[in-house]
Each structure stands twice: as structure tokens, then as C-alpha cells.
Amino acid sequence: MLLAGCCFLALSLQGGWLQPVCFGGLVVFGSISRLGNVLSNICVVKEWPVTLSQNNEGALSDLNATMRRIDLLCKILAPMLSGALSSQWSPNVCISVIIALNLVSYPIQVLTLRRVYADHIVLHTRRTDIFLEEAAQLLPSDPPSMVNDWKVYAESPAFLASLAYSLLYASVINWGSIFTAYMKWRGMDDWQLALGRGLAAFLGLTSTLCYKHFVSTLTLQTVALYSVWSFFLCVCPILFAGSHFILVAFLSLTLSRFALWTYDLALNQLIQTIVPAKSMGTVFGCQQSLVGLSSLFCFAQAIVFSSPLQFNAPLFISALCVVTAALCHSIWHLTH
């Protein structure tokens, strides 16, 4: 992350033959940073809570919701800080400040993670047990491979539910860059976009506060089923908005965040609960790969239907992906 930031800063300062070098460094180090973030997310956010909660579903719900709340809060504060910096100083100064903040925060992250790992011996024993179990089952003639990982994923009890989760990321109906650009083309002002994103983030945080109550009142499976269909019902009206597109899209995108983050929490806890510990990392890793492919599919839609006048096609495809995700999860729900 730090090296990617330095390459970005150098790219804005340098010219001539150094620009392609800096751009290449930005791509390479940015990709490595992204890969490290995914690995950290799988290990710390997905696997550690299962071990630390010691099969206590209530404790697992609390831990998952708290970690997601921290994540969403950071996602709110980071754009606010970037906006405040960019309104006062030049982009190069802003980049330098962000690099400095990363330099300060990195050792803190490492120290806190090491402290948690050192204070909870169960994290050590769990990984040792899994390693020994995998080593005992692994034959010399059958080395681990990517094909085997995908086979484990396809045969896992949470396959259809995980596939449904991944399909949601194939939708352009979110506050991402593609839909934001279209909203601006339709005439939405910057303050309206900022307000919508702020309200969506607030509802996302609210969902983490309500999540434990939902799970204790209903079952975890029911919460996941209701939330994924609620998400579809929230985004569906955009297809029929007509002349009221901006208002309908504003309300749909904002309200849908509550259902989406509730489903995110419920689905991930389902995987944590029903998938064996030895294959949990593989399942989450394959799921993250599908999420990446779905996100790539979003940008492919923007390339194929590049004119704003053609945006009805990505909207329809996105709605189709969301309803397919809801149906996949419903099939999983009925068979488990």
C-alpha cells in the first residue's frame, strides 16, 4: 500500500520516460496490496471470530457485527478526510498525508494483531490441528492445486449461498463509480450524491446494531433469506422509475444498504457455522475470487454499454443478477 502510494505520488510529479515506470509500479504494488488485504480479510475477519467465539453463536454474531461496524465507520471517515484535505490543499499534499497516515497506522495494526494472537492460545492450537489434519489426508501423489480448491468449494454445504452472495457484486446498482457517473449524467447534484452515500453508510451501520436482535428473534437462515429478498425489492423499483429516476434511485440505493449489509453479516456467519474449519479458508478464498470476477463483470458492462443512453441494459442485467442471487439462496434455504 505504501509503495503504491509512493508510485502514485511520483506519477503526479514525474514526466517523460519515468511516467510508464511509475504507472507500472502503481499497478503492481496496488495489486499486491489488494491481495494482502484479501488474505488478511479471510484470516482475521472470517476465521478468527469463529475460533475466538468458541462455538457460541451469540458471541460470534456480536464479534462479526462489531468488526463490520468498525469497517463501515472507516469507510465513512476515509472519504470525509480525503474530501477535507482535497478542498484545502493540492492533490500531491493530500497523497503525502495519506502515505504518512499509512506509515503511522501500519505498525499499530501489526502490534494489535500480534497482541490478539499472543493473548489467545486457541488461535495457535486451531491452526496446528487443521494443518495436521490436512497433512494426514494429503497423499504424495495428490499435491494441493487450484482445481482441488474449487472442488472443495463446489462441494461445500454453503456453495449455493456463497454463489448467491458473489452474484450481488455483479450489479452496477450501487454507489460505485459506474452508477454515480450515470446519476450525474441524469442531473443529480454532488450534494445529493454525498447525502445519499452518507445516509446509505448510516443505514449500513444501523444494520450492524440490529443484526443481533434479528438473529435472536429469527433464525440465522431466515435473516439471510429475508435480507437478500429485501435487497431485491429495494433495487427493483429503479427499473420502472421513468421520469422520477433520480428520486427513486436515491431512495432505492439508500434503503438497500440496510438489507445488503444484513445479508452480508448473515451469509458470512452461515459459512462460518456450517463449513468445516479445515476448508473455511478455501471456501472464503474462492468466494472472494468470484466476487472479484463479478466486479470485473460490472466494468465489462460499462465498456460494452458505454453510452449513457444504453444504461438501461446494465440496469436490467444487474436486476437479473440480483434476482438470480435471491433465487439461488432460496434454493439453498429450502435444501438445508
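Beyond its neighbours within four places in sequence, phenylalanine 245 contacts Phe179, Tyr182, Met183, Arg186, Ile238 and Leu315 (contact: heavy atoms within 4.5 Å). The model is predicted; local features need pLDDT of at least 70, side-chain atom pairs count only at pLDDT 80 or more, and totals for chains, interfaces and linings use all residues. Residues are numbered from 1 along each chain as its sequence is written, and side-chain values use heavy atoms, without hydrogens and water.

Rings of Phe, Tyr and Trp (its six-membered ring) pair if their centres lie within 6.5 Å. The whole structure holds 13 aromatic pairs.

The largest nonpolar core has 61 residues, and Phe179, Phe245 and Tyr263 touch the most other members. Helix H11 (residues 245-274) contributes the most to this core, with twelve residues. Such a core is a set of buried Ala, Val, Leu, Ile, Met, Phe, Trp, Tyr and Cys residues joined through side-chain atoms within 4.5 Å. Buried means under 20% relative accessible area (1.4 Å probe, protein chains only).

H11 is mostly covered, with 22 of its 30 residues buried. The helix reaches 41 Å from first C-alpha to last, close to the 44 Å expected at 1.5 Å a residue (1.5 Å times one less than the number of residues). H11 bends by about 30 degrees at arginine 257; the angle lies between axes fitted to the seven residues ending there and the seven starting there.

The chain has 13 helices and zero strands (DSSP runs of H or I, at least four residues, and of E, at least two). Of its 336 residues, 36% are buried.

Key: Phe/Tyr/Trp six-rings, centres within 6.5 Å; stacked < 30°, edge-to-face > 60°. Buried < 20%, exposed > 50% of the residue type's maximum accessible area, 1.4 Å probe, protein only.
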